[in-house]
Amino acid sequence: METQKTTEKLSALFKLAMGDIGAALEKPAQTYFGGSANLLDDNEITDLSLELRYLISGLIGAADPFSRSSPEFRALESFFTNLARKVLTRGGKVDDIVRYTQNLQETLIRALEQDSGIEFTRSRSVLHYFSNIFIELILAVFRAYLDQKDETIRTQESELRETSTPITEIWDGVLTLPIIGTLDSSRTMILMESLLNRISIEHTKVVVMDLTGVNSIDSQVSHHLIQMVRAVQLMGSDAILTGIRPEIARALTSLNIDLGDIVTRGSLSDGLKAAFKMLGIQVSPATAH
Amino acid sequence: MQNEGFHLTALDQGRALFEPQHGVDPARPETLIVTLLDRLRVWRTRHLYYDLSRVEVIDPVYLRFLNQFARACRTADIRMVCIHMQPGTAFALAAHMDQPPAFETAAGID
């Protein structure tokens, strides 16, 4: 019964000339995104307010204005998601978007009161309706904010992975790969993919993998290591393992892993000398003239 | 030498190139290996390059075939060298290989 009354009141509001509230809806946007905040320009704020007015009138006039799955509500929610993304991308704060949304709610109710002559403070059902709608819209803003944060974290993780495993062509046909930290399955896959593609593109003859930065090793990590060496060899390149610390060497033998058929050297420097020797290259000091 | 399942080409200096097509059945290697070794013997081949550029997946059956073929070549005093293995193929093969293969590998023909 209460819902029906509210729907009737909302229908009455919908019949009002919504065009009159357009100017009022611009004010919150000007306050939080315009002027010195410089997040949206005047044209964008005008367009935003026009679209908002259209979406709100669509929701109020929908067959079921209470539904959270109606196309009208989805459109309004999507509008707030996109607005939040745009403002956050331009350096705006989530606080400002939330305050804007709250301010918009108050402005909208005030504008509709003035237009309709109905005092909504006496109509709890209508206030309750708008309150619920705007809570959902604020949640949409937070979801957009969290999505953007997740995206930022993913990008940073990706950058970190790339910078933590720099594959460098140190000489024609010689790649070096310093491995730092722990080799887990996902990191091994990423590393192997980029390493094997580099070997294919650059026709690499020798790959020197330096383990100086690896502090500990277990059976899974050693398996990944052997897997990487095998894949490099299958591509027709030679693999040299360098910088195996005494603790790592001891761990490998206790894990019954035999590196007998794999070339190993104590340091990266020795590994490079071995690589040059394999290629028939001799590096000697320049003679003084 | 051309067959429905492969191309075998004699190169210079006792070398030959084997290019398998989709018709090669690694589950039945006996006849294929005998046919190939017979031809390689006539050509006095010392190095056989096995071109893997068109082989996208090397599963355990195909790996067993390659190992068997390489051992047969070694018995006939021929070095079998697999070339042009694709990164994705090497990546997948390395995951299920528990010991070094019987064949040699190289980026391409020297």
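Biologist: How many residue pairs are in polar contact between chain A and chain B?
Modeller: The count is 1 residue pair, with both residues at pLDDT 80 or more. A polar contact is a pair of N or O atoms within 3.5 Å; within protein, one must be able to donate a hydrogen and the other to accept it, and residues adjacent in sequence count only if both atoms are side-chain atoms. Keep in mind that this is a predicted model, where local features need pLDDT of at least 70, side-chain atom pairs count only at pLDDT 80 or more, and totals for chains, interfaces and linings use all residues. Residues are numbered from 1 along each chain as its sequence is written, chains are lettered from A and ligands numbered from 1 in the order in which they are written, and side-chain values use heavy atoms, with hydrogens and water left out.

Biologist: And how many salt bridges between chain A and chain B?
Modeller: That count is 0. A salt bridge here is a side-chain nitrogen of Lys or Arg within 4 Å of a carboxyl oxygen of Asp or Glu.

Biologist: Which elements of chain A touch chain B, then?
Modeller: Helix 7 (185-202) and helix 8 (219-234) of chain A each give two or more residues to that side. Helix 7 of chain A brings the largest share, 6 residues. Helices (H or I, at least four residues) and strands (E, at least two) are DSSP runs, numbered from the N terminus.

Biologist: How much area do chain A and chain B bury between them?
Modeller: About 1,200 Å², with 71% of it on carbon and sulfur atoms. Buried area is the accessible area (1.4 Å probe) that two parts lose on being put together, summed over both. In chain A, R230(A), L234(A) and M235(A) lose the most area to chain B, together 48% of what that side buries.

Biologist: New topic! How much space lies in the largest cavity?
Modeller: About 50 Å³. On a 1 Å grid over the protein atoms alone, a cavity is a set of points where a 1.4 Å probe fits but cannot get out, and a pocket is an open set with protein on both sides within 12 Å along at least five of seven lines; lining residues have an atom within 4 Å of a point. Grid points are joined across faces, edges and corners, and a volume is the space filled by probe spheres set on the points.

Biologist: Which residues line the largest cavity?
Modeller: Among them are I56(A), L76(A), Y129(A) and F134(A). Helix 6 of chain A gives the largest share of that lining, 4 residues.

Biologist: And the largest pocket, how much space lies there?
Modeller: About 530 Å³. Of the 29 residues that line the largest pocket, the closest to its centre are G236(A), S237(A), D238(A), T105(B) and A106(B).

Biologist: Back to salt bridges: how many over all chains?
Modeller: The search finds 11. One pairs the side chains of E77(A) and R143(A), at 3.1 Å, N to O. E77(A) sits in helix 4 and R143(A) in helix 6 of chain A, 66 residues apart.
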